[in-house]
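Here is a colleague's note on the model. Keep the structure open and look up each residue as it comes.

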Amino acid sequence: MIAVSSIGFACLALALGMILYHRVEILRRFLIQPALLGGVLLLLLGGQGFSLVSPPNYEAWSQWPGFLISFLFSSLILAAPTGDARLRRGGAVFFQGAYVWVLAIGQIAIGLFIISLFDKKWWLAGHIIEIGWMGGHGSAAALIAVADSMQWPAQELPASTLHDAAQLGLFSATIGLLYGAVSGMAMVNWIRRKEKRLQRPGKPESRDPLDARAPGRGAQKATGGSMDDNAGWLVAILGTVIPVVLAYFLLSIVGTFVHSIYPAAGTWIEKMPLFFVALTLAFPVRKLMDASGLVETERYQILNSLILEFLILSAVATLNLGLLLDSWPILLALSAGGAVWTGFCFWMIAPRILEDHPDLSLINYGMSTGVTALGLLLVRALRGKIPSHSATVYGMAAPFSAPFIGGGILSLLLPLWTITVGPWWIAGLLSLTLIPSVLALIWMRRKSSSHE
């Protein structure tokens, strides 16, 4: 019954969010989406508000984002019209992967520089911007588990101080999500106004090359016209689900086999994000469906939009507002540093590295301040839909960073080195690596653009 009530409450909250969005002008003006409104409504109805919804419902909703994002990326491939050569180019994926590393390394370096100004017992908290903002609440919880297994060198401080410092990561993840939503919507509004000013009178509005509604591309109806609506929707749902199911079993089988032979490699495979494998397997599924005349992009675009609505709603509904009530001086200083760095990357570095600025940059901005779903929400608020190329490039580049940073292997190893040698040495080393890397990437991007 918990599953039924969770789905029912989520649908009702989303419906109320849609009513508010279309009835209240200020919400439309600032692009406060129905999913955000519904999520806030559920948040207020729980134990942190009026206690009208039971905790088991929130436990169920907390599991939704982790698996919904795999279905989201699976449906993206099936929603994209065929024939876009840009999807086959590796340059965009390389620069996207490198840009995520730039974001993460900068967040760690700035966090460690800031935390060095505070008492030694908080050194571990220098990592909570990268782990909390880029990794989210799950990675922050993993940092607590790692901290509990650490011991301060020479027993200079009790082990409980490491736990307290790591626990700030949960506060940081909440702050990052709220800050990313507010600042991201401000960016979207600024970009929309700028693009409107640059739009010449009589010039047709620009569209995403992958938008099935763009002139000349059509909706790509299924060639197998014998299917009725019911069969068409059944095929669309199966096409979205099959890549995710195959990805799950593939990771389980390969991970178990490799772990028995080489445990280190098995651990790396276990860190591989399910949504990336599902996205990869969606390509051959799409090819088979294209050959059978079973692809109708409009259905997949509707499914994709619906999945995203519930992903955002569940993520917002399960925020823990109580995490904001303690350790505010440290959190304020670290959050200010994180805000400056992510803003600098969006306005100064991303346009010089990424191919699809500002679309892909917005996805990265949401990811680096909160969750990937926030980035997808921001770009959809800007374009009215998720640009398939930008989202696909983002997904294809994920395995080059997800297993290592944002709560990956490197993120959880660096804190041990920090409490051993101190935050200044780690921050200095990362800075010396970051600056020439950014300059090299900018030079490579310019060379690539000139060749194109």
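**Notes on the predicted model**

1. Overall make-up. The protein chain has 17 helices and zero strands. Bear in mind that this is a predicted model.

2. Burial and surface. How much of the chain counts as buried? Of its 452 residues, 52% do. The protein chain also exposes about 21,000 Å². Carbon and sulfur atoms supply 69% of that area.

3. Contacts along the chain. Take the contacts between residues at least 6 apart in sequence. Of these, 79% join residues at least 24 apart. When you trace a contact in the viewer, check both residue numbers.

4. The largest nonpolar core. This core has 120 residues. Six of them touch the most other members: Trp 61, Leu 124, Leu 168, Ile 312, Ile 349 and Leu 362. Which helix gives the largest share of this core? Helix 5, residues 91-115, supplies 15 residues. As background, nonpolar side chains in soluble globular proteins tend to be buried together.

5. Pick out Ile 312. Setting aside neighbours within four places in sequence, Ile 312 is in contact with Ala 35, Leu 36, Ala 373 and Leu 377. There is also a second, separate core, of nine residues. Leu 78, Met 289, Val 295 and Tyr 300 are among them.

6. Helix 13. This helix covers residues 359-369. How many of its residues are buried? Eleven of eleven are, so the helix is mostly covered. The buried residues include Asp 359, Asn 364 and Thr 369. Leu 362 is also buried in helix 13, and Leu 362 was named above for its contacts in the largest core.

7. Ser 390. Find this residue in helix 15, residues 388-397. Is Ser 390 buried or exposed? Its relative accessible area is 3%, so Ser 390 is buried, the cut-off being under 20%. Not counting residues up to four places away in sequence, Ser 390 touches Asp 356, Asp 359, Leu 360 and Ile 363.

8. Cysteines. How many disulfides does the structure hold? It holds zero. A disulfide is a covalent bond between the sulfur atoms of two cysteines. Now look at two cysteines and their surroundings. Cys 345 is buried, because its relative accessible area is 0%. Cys 11 is partly exposed, with a relative accessible area of 37%.

Note on methods
Residues numbered from 1 in each chain as written. Predicted model: local features only at pLDDT ≥ 70, side-chain atom pairs only at ≥ 80, totals over all residues. Heavy atoms only, no water. Helix = DSSP H or I, 4+ residues; strand = E, 2+ residues; numbered from the N terminus. Buried < 20%, exposed > 50% of the residue type's maximum accessible area, 1.4 Å probe, protein only. Contact = heavy atoms within 4.5 Å. Core = buried A, V, L, I, M, F, W, Y, C linked by side-chain atoms within 4.5 Å. Disulfide = S-S within 2.5 Å. Areas by Shrake-Rupley, 256 points an atom, 1.4 Å probe, with all protein chains shown as cover.
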